[in-house]
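User: I want to learn how to read a model like this one, feature by feature. Please give me the general idea each time, and then the case at hand.

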Amino acid sequence: MDLKYFFNRATVREYSDRDIDSNILNEMIEAASHAPTTGGMQLYSVVVTRDKAMKEKLAPCHFNQPMVTNAPVVLTFCADFNRFVAWCKASNAEPGYDNFQSLMSAILDVTILAQQFNTIAEMNGVGCCYLGTTTYNAQEIAEVLNLPNRVIPIITLTIGYPKEKKQFITDRLPLEGIIHQEQYHEMNAMEIKKVYHHKESLDVNKAFVKENNKETLAQVFTDVRYPRESNELFSKKFIEYLKQQNYL
């Protein structure tokens, strides 16, 4: 079993000027579409953005992260019940997918698709970067991409050939922090600190703490990167958008 790719993979945020051939991109998306999907329904669509002007319109939706305009291609992976509902109606079948469970099925489908694509792309020399901002401004993204009812942007990947090859190992929690045998084991404070010790000890994370004027790495997450105020604001925005889309 050769798992070198998985241990050595890394997010790529800087891209060369080399374009991605449309045939190669389509082939990778087609291969990714063979990933598992709820009942074989394939509840997703992918919007491919290459046009410079379109990327500039998308950029503010992603807080102007430079990858959006610098990458040759931006892929927006959408949970899509629009197509399936249209097929049902055209086939004398009454769809009942305007509910939260259906939304979750579509979200699972599109998440699996995106990760399958990410793996295929990286294994073929194409660098990828997940943007964590898609659901923050889903409605704004939908307006830019002209997404119809029941098509929800969930994941955005910027992709391109890496500007330079950087080798580094991404820090991850040890297995004892994520595996539970038979039943969930809730860790005590000492066990928790042991699980996060390596992550906290890395120079890059120590610098992260210092530059944000915090005492601990955890405070960087709770106070700077993902504070309660932001979580509640974007939760409210996303829920309102889902209501407009007849999912809630």
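Analyst: Start with Asn-64, which sits in the loop between α3 (52–58) and α4 (66–70). Helices here are DSSP runs of H or I with at least four residues, strands are runs of E with at least two, and both are numbered from the N terminus. The model is predicted, so local features need pLDDT of at least 70 and side-chain atom pairs count only at pLDDT 80 or more, while totals for chains, interfaces and linings use all residues. Residues are numbered from 1 along each chain as its sequence is written, and side-chain values use heavy atoms, with hydrogens and water left out.

User: Is Asn-64 buried or exposed?

Analyst: The terms rest on relative accessible area: buried is under 20%, exposed is over 50%, and partly exposed is in between, with a 1.4 Å probe and protein chains only. Asn-64 has 52%, so it is exposed. Asn-246 counts as partly exposed because its value is 37%. Ala-218 of helix α10 (residues 217–225) is also partly exposed, at 45%. The C-alpha atoms of Ala-218 and Tyr-196, 22 residues apart in sequence, are 9.8 Å apart in space.

User: How many helices and strands does the protein have?

Analyst: There are 11 helices and four strands. Along the principal axes, the C-alpha atoms fill a box of roughly 60 × 45 × 40 Å. Of the 248 residues, 36% count as buried. Contact means heavy atoms within 4.5 Å. Of the contacts between residues at least 6 apart in sequence, 77% join residues at least 24 apart.

User: How far does helix α6 reach from its first C-alpha to its last?

Analyst: The expected span of a helix is 1.5 Å times one less than its number of residues. Helix α6 (residues 100–123) has 24 residues and reaches 35 Å, close to the expected 34 Å.

User: Which residues have the most contacts inside the largest nonpolar core?

Analyst: In soluble globular proteins, nonpolar side chains tend to be buried together. A nonpolar core is a set of buried Ala, Val, Leu, Ile, Met, Phe, Trp, Tyr and Cys residues joined through side-chain atoms within 4.5 Å. The largest core here has 54 residues, and Leu-25, Phe-77, Phe-117, Ile-152, Ile-154 and Ile-159 have the most contacts inside it. Helix α6 supplies the largest share of this core, nine residues.

User: What does Ile-152 touch?

Analyst: Ile-152 belongs to strand β4 (residues 151–160) and is buried, because its relative accessibility is 0%. Setting aside residues up to four places away in sequence, its contacts include Phe-77, Phe-238 and Tyr-241. With the same exclusion, Phe-77 touches Phe-117, Ile-152 and Ile-154, among others.

User: At what angle do the axes of α7 and α11 cross?

Analyst: Two packed helices are described by the angle between their axes and the distance between the axes. Axes are lines fitted to C-alpha atoms, for helices over the stretch in contact, and angles run from 0 to 180 degrees between N-to-C directions. The axes of α7 (residues 138–145) and α11 (residues 228–244) come within 9 Å and cross at roughly 50 degrees. That makes α7 oblique to α11: angles under 35 degrees count as roughly parallel, over 145 as roughly antiparallel, 65 to 115 as roughly perpendicular, and the rest as oblique. Ala-138, Gln-139, Glu-140 and Ala-142 of α7 meet Lys-237, Phe-238, Tyr-241 and Gln-244 of α11.

User: Where does Thr-135 lie?

Analyst: Thr-135 is in the loop between β3 (127–131) and α7. Leaving aside neighbours within four places in sequence, Thr-135 contacts Pro-153, Ile-154 and Phe-238. Its relative accessible area is 24%, so Thr-135 is partly exposed.
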